[in-house]
Amino acid sequence: MKIKTISAIIAIIILPNIHTMAQNTLADATKGKFLFGVAVNMQQVNGVNPKESELIAKEFNAIVAENCMKPQLIHPEENRYEWADADKVVAFGEKNKQVVTGHCLIWHSQIAKWFFVDDSGKDVTPEVLKERMRQHIYTIVGRYKGRIKGWDVVNEAFEDNGTYRNSKFYRILGKDFIKYAFQFAHEADPDAELYYNDYNVETPAKCEAIAELVKELKAAGVRIDAVGSQAHMQMDSPTLDATETSFKKLKAAGVKILITEWDISILPNPYSGANISVNFKYSPEMDPYRVAVPDSVQQKWNKRVLDMFGLFLKYSDVVDRVTVWGLNDAVSWLNNFPIRGRKDYPVLFDRNNQPKSVVDEMIKMAKKI
Ligand code: XIL
């Protein structure tokens, strides 16, 4: 057979599988640098769309539940815990040999009202709230002891200007609620890693406040392993510089960094943050890519992904995990945030579960470094 014919046959066999060949996945390419994870929803865990479940198993080596471990879902009433979904997520990760992390123990959003009030509807005393936190954390962390590598212990305790968020936890217990949460989590599973997680960590005042918190916790002998930067990004913010500055600051504070909820919205946005209670009215101008994303815009998005990914690689001595918030564009929460009913394209796989072209470039980049 002529060499040309042989190469043509080889090309026919190999080309369509080039991405899946040689375990050419992001998780493989980033091995030894950081974990590469994804947030999973229950349809995926339950195998409603097997293609999605397979993709999660194949492409990622870490998972986190997108919703089912949040206080409201896992602990809807004082003496009622809903374990079914969380149990399934943990088992799914174990079956696929993935690292499972927990999101999140203490958060002012997606938490049931009972947590803060007594039978007459009045705010509980600091002692009662502290005891409820203890029970909540002991019960959840205790159940998955040894199976969950680390926990987002406290989520979003700061405002962007670096002041403490005026949440019920803060109003009732003061800033010590954070310390208590970390202490309880450590008591419940001394081997679990413990994380503080927030959005807009790149904002200087907020980053400063988080770095201070890390130092205070460490000075008090309280375990904290990493700061989770949600990294819900947009086309122009945060800048690469601001992101790098935040990495330097956190590194200097003596913690690891996790990119916990990475996505980059391609849409125009009236708000750059991830406070889930923010909501703006829909207008067609704010939803310009219903049919397709113009090439120039797609190129800009690709560059942004590569710039940020390059930075994660550059700091892989401190960046322990990069987790994408959603498997594909169709399931991304950004289709409904901060405006409901739009069509966004913020993650690495498209609506047909195909890797975007940028994925191969990321793989090449990771392998080179
Ligand atoms: C989001 C989920 O993706 C949505 O499905 C849900 O409706 C709201 O919460 N910061 C966080 C995540 O820490 O838990 C949020 O997840 C996104 C912002």
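Modeller: Before we start on the rings: those of Phe, Tyr and Trp (its six-membered ring) pair if their centres lie within 6.5 Å, and planes under 30 degrees apart count as stacked, over 60 as edge-to-face and the rest as tilted. This is a predicted model, where local features need pLDDT of at least 70 and side-chain atom pairs count only at pLDDT 80 or more, while totals for chains, interfaces and linings use all residues. Residues are numbered from 1 along each chain as its sequence is written, and side-chain values use heavy atoms, with hydrogens and water left out.

Colleague: Thanks! How many aromatic pairs are there in the whole structure?

Modeller: The search finds 20 of them. One is Phe36 with Phe309, an edge-to-face pair with 6.3 Å from centre to centre and 85° between the planes.

Colleague: And where in the chain do Phe36 and Phe309 sit?

Modeller: In distant parts, 273 residues apart: Phe36 is in strand S1 (residues 35–40) and Phe309 in helix H12 (residues 295–314). Helices (H or I, at least four residues) and strands (E, at least two) are DSSP runs, numbered from the N terminus.

Colleague: Is Phe36 buried or exposed?

Modeller: Phe36 is buried, and Phe309 is too. Buried means under 20% relative accessible area, exposed over 50%, partly exposed in between (1.4 Å probe, protein chains only).

Colleague: Why is the pair of Phe116 and Phe169 edge-to-face?

Modeller: Their planes are at 75°, with the ring centres 4.9 Å apart, so Phe116 and Phe169 are edge-to-face. This pair also links distant parts of the chain, 53 residues apart: Phe116 is in the loop between strand S3 (99–107) and helix H7 (126–143), and Phe169 is in helix H8 (residues 168–173). Both are buried.

Colleague: Which residues form one aromatic cluster?

Modeller: Phe34, Phe36, Phe60, Phe309 and Phe349.

Colleague: Switching to helices. Which residues of H7 are buried?

Modeller: Leu129, Arg132, Met133, His136, Ile137, Ile140 and Val141. They cover an arc of only 135° around the axis, which puts them on the same side of H7. That arc is of the directions from the helix axis to the C-beta atoms.

Colleague: What do the buried residues of H7 pack against?

Modeller: Helix H5 (71–74), S3, strand S4 (150–155), H8 and helix H9 (176–188). Contact here means heavy atoms within 4.5 Å.

Colleague: Now H13, which residues are buried there?

Modeller: In H13, the buried ones are Val358, Val359, Met362, Ile363 and Ala366. Down the axis of H13 they fall within an arc of 145°, so they line one face of the helix. The face turned away from that buried side carries Ser357, Lys364, Lys367 and Lys368, which are exposed. The buried residues pack against helix H2 (26–29), S1, strand S8 (256–264) and H12.

Colleague: What about the backbone, where are cis peptide bonds?

Modeller: One joins Ser237 and Pro238, with omega about -5°. Pro238 is in the loop between strand S7 (232–233) and helix H11 (240–252). Another joins Phe337 and Pro338, again with omega about -5°. Pro338 is in the loop between strand S9 (319–324) and H13.

Colleague: And which residues other than glycine have positive phi?

Modeller: Among them are Lys97, with phi near 55°, and Asn353, with phi near 65°. Lys97 lies in the loop between helix H6 (84–95) and S3, and Asn353 in the loop between S9 and H13.

Colleague: Is Asn353 buried or exposed?

Modeller: Asn353 is buried, at 6% relative accessible area, whereas Lys97 counts as exposed at 75% relative accessibility.
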